[in-house]
There are 2 protein chains.
Amino acid sequence: MPRDVSALELALNERPRHMTRTRWLYQELLLAILERRLPPGSRLPSTRDLANEYDISRGTIVTAFEQLQAEGYLISRVGSGTRVNERLPDPVRTQRLQKRAKKLPGSLSDGGDPRSARPFRAYEPAVSEFPIRTWARVAGRRLRSASTRLLAGGDPRGYPPLREAIAAYLGLSRGVRCSPDQVVIVTGTQQGLDLVARVTIKSGDAVWMEDPGYFGATRAFRNAAARIIPVPTDDAGLSIVTARRLCNRAKAVYLTPAHQFPLGMTMTLERRLAILAWAREVGAFVIEDDYDSEFRFEGLPVPAMQGLDRGGSVIYLGSFNKVMFPSLRVGYLVLPPELVESFLSFRLSVDLHASGVDQAVLCDFIVEGHFGRHIRRMRQLYSHRLGTLLDAGRKYFNGLLDLLPIRAGLCTAGLLKNGMTSRTAEAAASAHDIETMALSRFALKRSDVHGLLLGFASFDESEIRRGVVKLAGALEREAPKSHA
Amino acid sequence: MPRDVSALELALNERPRHMTRTRWLYQELLLAILERRLPPGSRLPSTRDLANEYDISRGTIVTAFEQLQAEGYLISRVGSGTRVNERLPDPVRTQRLQKRAKKLPGSLSDGGDPRSARPFRAYEPAVSEFPIRTWARVAGRRLRSASTRLLAGGDPRGYPPLREAIAAYLGLSRGVRCSPDQVVIVTGTQQGLDLVARVTIKSGDAVWMEDPGYFGATRAFRNAAARIIPVPTDDAGLSIVTARRLCNRAKAVYLTPAHQFPLGMTMTLERRLAILAWAREVGAFVIEDDYDSEFRFEGLPVPAMQGLDRGGSVIYLGSFNKVMFPSLRVGYLVLPPELVESFLSFRLSVDLHASGVDQAVLCDFIVEGHFGRHIRRMRQLYSHRLGTLLDAGRKYFNGLLDLLPIRAGLCTAGLLKNGMTSRTAEAAASAHDIETMALSRFALKRSDVHGLLLGFASFDESEIRRGVVKLAGALEREAPKSHA
């Protein structure tokens with residue numbers, strides 16, 4: 001067993017000004033652990049020893065210990081005191097953190113590998129639950145018998161049987177009314193938005209955007225030189241009254257009516273009809289991003305606006321990248337019939353068409369029923385995970401963060417109740433190895449949105465619970481008025 | 001054996017004004033065959049009978065017969081006269097042609113299914129020669145063991161091991177000097193061009209384009225609101241002297257230096273160095289589209305301009321879609337280091353990243369040596385096919401079409417010597433079920449380019465030879481001054 005280390009031997013660096021004692025101690029201890037000055041299995045100096053040596057309160061020390069314990073660096077056992085965990089996180093990550101901790105002693109705010117998901121990364125589906133062996137079997141069979149025509153590809157709309165399968169699926173599950181000829185395969189929602197913006201918008205055209213809303217859409221329309229009109233959302237969705245007052249003659253409106261991104265509410269039928277009527281009146285396009293409608297965990301799914309449209313105004317977007325796995329890169333648009341030809345002609349100058357083989361494999365996967373089974377399994381899993389998040393939130397987030405009661409999707413928003421701004425809370429969470437997104441990142445003009453977006457889909461129950469504890473700790477300890 | 005049909009019974013429709021007698025007779029006979037008024041195996045009316053009945057010369061009749069024979073509708077055997085082939089082309093295609101022949105009696109000019117390749121479709125690789133079973137095996141193995149990280153994807157540059165493999169391959173085979181961090185995976189050349197244009201060009205920026213040149217590039221730069229400066233090419237490539245006179249302060253130049261598209265010449269070293277020096281002087285980008293450099297059948301391959309560049313001016317583009325199969329959708333850019341960050345940031349708003357799984361499969365395919373083997377096999381095959389085309393051309397195109405002597409790529413240009421314009425020749429070929437592209441389609445300002453682009457890669461020897469005979473017939477019979 002490694003010998004114990006005294007507080008003096010630890011030789012903690014001096015506390016920079018402006019850094020709270022808790023945070024300083026937490027980082028210094030973390031560094032000592034990562035640099036093996038506190039080797040795995042060793043017992044930490046006693047709180048009394050540390051308090052004397054560094055002139056800090058024992059409360060501060062306990063808080064830092066708890067934080068390191070929540071993160072898995074320390075283990076506390078009755079009768080054995082507090083020890084460094086013998087099984088530290090994997091060495092690559094440790095090394096990286098070590099470097100970072102050395103380079104940036106005042107901040108771990110952008111810590112962590114951008115690709116290893118930590119709670120509560122938004123967007124990320126439960127990739128580890130994807131039936132990859134089934135997919136491999138379907139793909140292998142399809143590839144072995146691939147016709148030269150499939151390999152040659154070339155339909156700018158996409159693989160015809162896949163478009164048929166999508167039209168049928170959307171008709172049944174989303175009330176979308178379309179022929180397969182209106183369906184165009186793209187690499188995902190973002191490419192769909194980029195193409196739609198470039199085909200429908202001329203420089204200076206006004207586009208209504210939900211505020212807060214999806215920044216990927218804002219960027220796509222900005223790239224097309226649109227004039228963005230931020231329109232505040234309320235409980236019923238985008239406020240059309242405000243929108244018409246701000247700029248009635250917009251060329252398009254971007255909407256997430258099923259599950260507003262990022263706030264989660266569903267647009268009311270009344271609001272939907274009013275927007276469709278407006279679009280028809282002024283000749284605008286309604287761009288309906290139905291990004292996670294597959295995952296609604298209670299209540300009836302609300303059919304898509306596309307199915308209510310009688311004016312050929314709605315451009316509908318969906319994607320398989322979240323439902324299946326993100327690196328698949330297959331999404332789709334449903335276009336009004338009048339738009340198809342000019343869209344396809346433009347698309348030829350952009351990227352010709354999507355991958356033919358992947359489309360054929362996906363089509364087989366759908367037609368053979370694997371897709372439906374996978375969605376049903378994931379719906380159950382995600383519902384359960386969201387339940388865990390909401391339960392743990394009720395227990396630990398009291399007075400810190402109010403999770404919205406929406407039961408859908410892969411992520412949910414929480415409104416801050418501790419006086420923090422979104423960005424401060426995001427940074428505090430990040431410093432404690434919790435990944436969230438400040439809701440203010442989605443705001444265009446609004447400054448009244450203080451909250452965090454929390455993804456729950458790709459984390460198991462214990463990760464979610466531990467994450468909630470850590471996040472609650474971060475929000476509590478780092479709140480403006482709290483320092484040791 | 002079916003009974004013989006008399007000229008009278010055939011009941012040919014009247015000849016529309018402005019249609020040559022040869023063409024009219026050809027189409028009427030084709031229709032009669034397709035509608036089974038001339039059943040398979042039946043003997044045609046004698047030329048004398050037809051000449052008397054319809055008041056046409058026997059030369060006209062012989063020409064029409066020969067054309068139908070070259071296309072496989074008629075068979076002529078010694079002692080048996082001319083009969084309808086008992087094995088007509090497949091029924092679907094026949095039905096389609098039949099409809100078309102009825103609907104458009106004056107024109108078969110856009111005949112044929114856009115997806116069933118006929119000689120001499122350009123661009124099309126020999127998809128039927130692709131080792132799809134090997135690919136299926138590699139893909140199956142990779143998919144079965146796919147990590148959640150691979151499925152989650154997310155590197156906007158692309159799959160790192162593939163970028164390493166590409167950097168190594170380009171270094172060895174093309175003299176490209178780059179680190180894997182400069183390589184960005186895209187869906188193909190067209191997406192690469194679209195992204196490059198949008199990142200490097202501001203509205204109104206001047207871009208030099210080869211004239212004639214690749215229209216996909218012109219479209220990409222036009223979409224980015226560039227001012228296109230057409231620059232004539234000569235035997236050494238784009239004429240930089242003319243270009244500097246037209247507009248010295250261009251923001252970029254688009255080039256196909258290895259094998260100019262569509263004329264095929266290689267840009268001289270002197271010209272390359274002059275263009276690189278200019279680019280450095282005025283701060284312009286050199287966009288080097290190395291679209292088919294894998295297939296050079298004689299002489300040493302000329303290294304890429306990227307490897308000569310000391311100013312960080314060259315953006316290099318390549319693609320696997322032609323080398324492997326078109327529906328793969330994997331291409332790449334090699335960016336100057338300074339451009340990488342802004343490019344990736346922009347790319348996030350366009351389509352995030354390319355398909356991760358396909359990239360991993362391709363990487364395995366390369367690393368295990370299948371890619372190299374496939375290229376070597378195709379190089380031999382294409383070289384042979386081009387040889388067949390050139391041989392047959394020498395025999396049949398005399399005075400009609402001069403095939404350029406370039407031995408590279410998937411297609412080659414021929415210059416018209418029969419007084420036809422490019423478009424007339426393309427239409428004449430199409431009317432005889434031969435697919436070519438008028439070189440004038442690639443011209444921006446020039447009106448002195450009279451020729452056809454002929455693809456040879458995806459057709460076997462007998463298809464190529466039959467195609468040459470048919471095309472020669474079309475160019476001969478449809479030439480301005482020749483009618484019966």
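## A walk from the chain contact to the rings

Start by selecting Asp194(A) and Arg198(B): the two form a salt bridge, with their closest N and O atoms 2.8 Å apart. Here a salt bridge means a side-chain nitrogen of Lys or Arg within 4 Å of a carboxyl oxygen of Asp or Glu.

Some housekeeping before moving on. This is a predicted model, so local features need pLDDT of at least 70 and side-chain atom pairs count only at pLDDT 80 or more, while totals for chains, interfaces and linings use all residues. Residues are numbered from 1 along each chain as its sequence is written, chains are lettered from A and ligands numbered from 1 in the order in which they are written, and side-chain values use heavy atoms, with hydrogens and water left out.

**Stop 1: the other bridge across the contact**

Now pick Arg198(A) and Asp194(B). They make a salt bridge too, with the closest N and O atoms 2.8 Å apart. Arg198(A) sits in helix 9 of chain A and Asp194(B) in helix 9 of chain B, so this pair joins two chains. (Helices are DSSP runs of H or I with at least four residues, strands are runs of E with at least two, and both are numbered from the N terminus.) Across the interface of chain B and chain A, the rule finds two salt bridges.

Buried or exposed: which is Asp194(B)? At 1% relative accessibility, Asp194(B) counts as buried, and Arg198(A), at 14%, counts as buried as well. The cut-offs are under 20% relative accessible area for buried, over 50% for exposed and partly exposed in between, using a 1.4 Å probe and protein chains only.

Show what surrounds Asp194(B). Leaving aside neighbours within four places in sequence, Asp194(B) is in contact with Arg198(A), Ser349(A), Val350(A) and Ala220(B), where contact means heavy atoms within 4.5 Å.

**Stop 2: the whole interface**

Zoom out and colour the two sides. The contact takes 46 residues from chain B and 47 residues from chain A. Together the chains bury about 4100 Å², 55% of it on carbon and sulfur atoms; that buried area is the accessible area (1.4 Å probe) that two parts lose on being put together, summed over both.

Between chain B and chain A there are 22 residue pairs in polar contact, both residues being at pLDDT 80 or more. A polar contact is a pair of N or O atoms within 3.5 Å; within protein, one must be able to donate a hydrogen and the other to accept it, and residues adjacent in sequence count only if both atoms are side-chain atoms.

Helix 6 of chain B gives the most, with eight residues.

**Stop 3: salt bridges within a chain**

Over all chains, the structure holds 40 salt bridges. Arg244(A) is partly exposed at 30% relative accessible area, whereas Glu281(A), at 52%, counts as exposed.

Over in chain B, select Glu435(B) and Arg121(B), which meet in a salt bridge (2.9 Å, N to O). Glu435(B) is in the loop between helix 16 (422–431) and strand 13 (437–438), and Arg121(B) in the loop between helix 5 (91–103) and helix 6 of chain B, so the pair ties together parts 314 residues apart in sequence. Both Glu435(B) and Arg121(B) are buried.

Back in chain A, a network of salt bridges links Arg118(A), Arg121(A), Glu124(A), Asp433(A) and Glu435(A).

**Stop 4: helix 10 of chain A**

Select residues 215–223 of chain A. Within this helix 10, the buried residues are Gly216(A), Ala217(A), Thr218(A), Ala220(A) and Phe221(A). Their cover includes helix 9 (189–200), strand 4 (206–211), strand 5 (227–234), strand 7 (252–255) and strand 8 (285–289) of chain A. After the helix comes Ala225(A), whose phi is positive, near 65°.

**Stop 5: aromatic rings**

A search of the whole structure finds 32 aromatic pairs over all chains. Rings of Phe, Tyr and Trp (its six-membered ring) pair if their centres lie within 6.5 Å; planes under 30 degrees apart count as stacked, over 60 as edge-to-face and the rest as tilted.

Phe130(A) and Phe325(A) have ring centres 5.0 Å apart and planes at 65°, so the pair is edge-to-face. Phe130(A) is buried, and so is Phe325(A).

Last, Tyr123(A), Tyr214(A), Phe215(A), Phe261(A), Tyr291(A) and Phe442(A) are linked by ring pairs into a cluster.
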